[in-house]
Amino acid sequence: HRILGSAFVKAFSKNSDGSFHVTIDRHVEGIDTSRMPSGADSRTVVFNNECTNKESAIVNSKFAYSRRYAWITKSKNSLFAYNYVYENGGSAIAAGDERRAQKWEGSFANAFTMSNNLIVAPDLVSTVDYPVQIQWQTGRMNDEPALIDGFLMENNVIDSGRMDTALKANAIDGFYLLNNKFMSTVDLKRAGAPIVIKNSRIEKIDGIEYDFKQPVDAAINISACDYDPEDITNIDIVSKNAENVYLEY
C-alpha cells in the first residue's frame with residue numbers, strides 16, 4: 001500500500017492460479033524479483049493506477065437501508081454532494097477498502113469533495129463502521145506518508161444517532177473540514193470521540209456546529225497529525241457537552 005514508482009508493461013502471462021506474471025520496461029526499486037509467482041511465500045503485488053477510475057460523482061441521490069455501505073469509493077476526483085443518506089448497515093460513505101483487509105490495494109481517493117449532504121444514522125447496525133469513514137482501515141504504518149491527496153468536507157449535516165463517532169478520517173494529505181454540523185439527540189452506545197482525525201496533514205478546520213446529547217471529553221480527537229492550532233477555528237459546542245474543542249493524543 002505504497003507507491004513504488006512508475007513503469008510501462010512490456011508483456012504479461014497468466015499463471016495457473018489466476019495471477020499474472022508481468023514484465024515491465026525498467027527497474028523499480030522495491031519490487032522483489034527473486035520471488036517466483038508460483039508457490040512463493042510472498043510476492044510483490046503491482047497495480048496499474050492508470051487503469052482505475054479517473055472520476056466519479058454521486059449527486060442528488062437518496063440511500064436508505066443498505067445492508068452495507070451507502071457508497072464506497074476509491075476513485076480519484078470524486079464528488080459526493082446534495083445526497084440524503086438514512087440508516088445503512090455500514091457507513092453512509094466510505095473512501096477506502098471494502099474488506100478491511102489491513103492492506104491498501106489499487107487507487108487512492110485523491111481530490112475528494114463531500115459537500116451539502118444530510119446523513120442520518122439513528123441506530124447503525126455495524127459495530128466496526130462509522131457514519132463517515134475516510135480511508136480508515138488501511139494497514140498504514142506510522143512512518144508511511146498520508147495516502148489520500150486532498151479531501152474537502154464542507155456544509156454537511158451528520159446525525160450519528162447512537163454511534164459515538166460520526167467521522168473517522170485517516171491518512172489524508174491535505175484535509176479541509178469546513179462548516180459542518182455533527183449532532184446526536186439520543187444516548188450513545190458508549191461515550192467516545194465524535195470526530196477522530198489520525199495520521200493526516202490538516203489544512204483547515206473552520207466552522208463546526210457540535211450538538212451531542214451525551215457528554216464527551218472533546219468534540220475532536222487528533223492523533224499523529226501535522227496541523228497548526230491557529231487553523232482550528234469557529235467551533236460552536238451548542239450542547240455544551242464537550243469539555244474541550246479538541247484533544248491531541
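A: First, the term: a salt bridge here is a side-chain nitrogen of Lys or Arg within 4 Å of a carboxyl oxygen of Asp or Glu. Keep in mind that this is a predicted model, where local features need pLDDT of at least 70, side-chain atom pairs count only at pLDDT 80 or more, and totals for chains, interfaces and linings use all residues. Residues are numbered from 1 along each chain as its sequence is written, and side-chain values use heavy atoms, with hydrogens and water left out.

Searching the whole structure turns up five salt bridges. One of them pairs Arg-201 with Asp-173, at 2.5 Å from N to O. Arg-201 belongs to strand β17 (residues 201-212) and Asp-173 to strand β15 (residues 172-184), so this pair ties together parts 28 residues apart in sequence. (Strands are DSSP runs of E, at least two residues, numbered from the N terminus.) Arg-201 is partly exposed at 29% relative accessible area, and Asp-173 is partly exposed at 28%; partly exposed lies between buried (under 20%) and exposed (over 50%), using a 1.4 Å probe and protein chains only.

Lys-181 and Glu-209 form another salt bridge, with their closest N and O atoms 3.4 Å apart. This pair also links distant parts of the chain, with Lys-181 in strand β15 and Glu-209 in strand β17, 28 residues apart. Lys-181 is partly exposed at 23%, as is Glu-209 at 33%. Back with Arg-201, salt bridges that share partners join Asp-173, Arg-201 and Glu-203 into one network.

Then there's Arg-26, which bridges to Asp-25 with the closest N and O atoms 2.9 Å apart. Arg-26 is partly exposed at 39%, and so is Asp-25 at 35%.

Notes
Helices (H or I, at least four residues) and strands (E, at least two) are DSSP runs, numbered from the N terminus.
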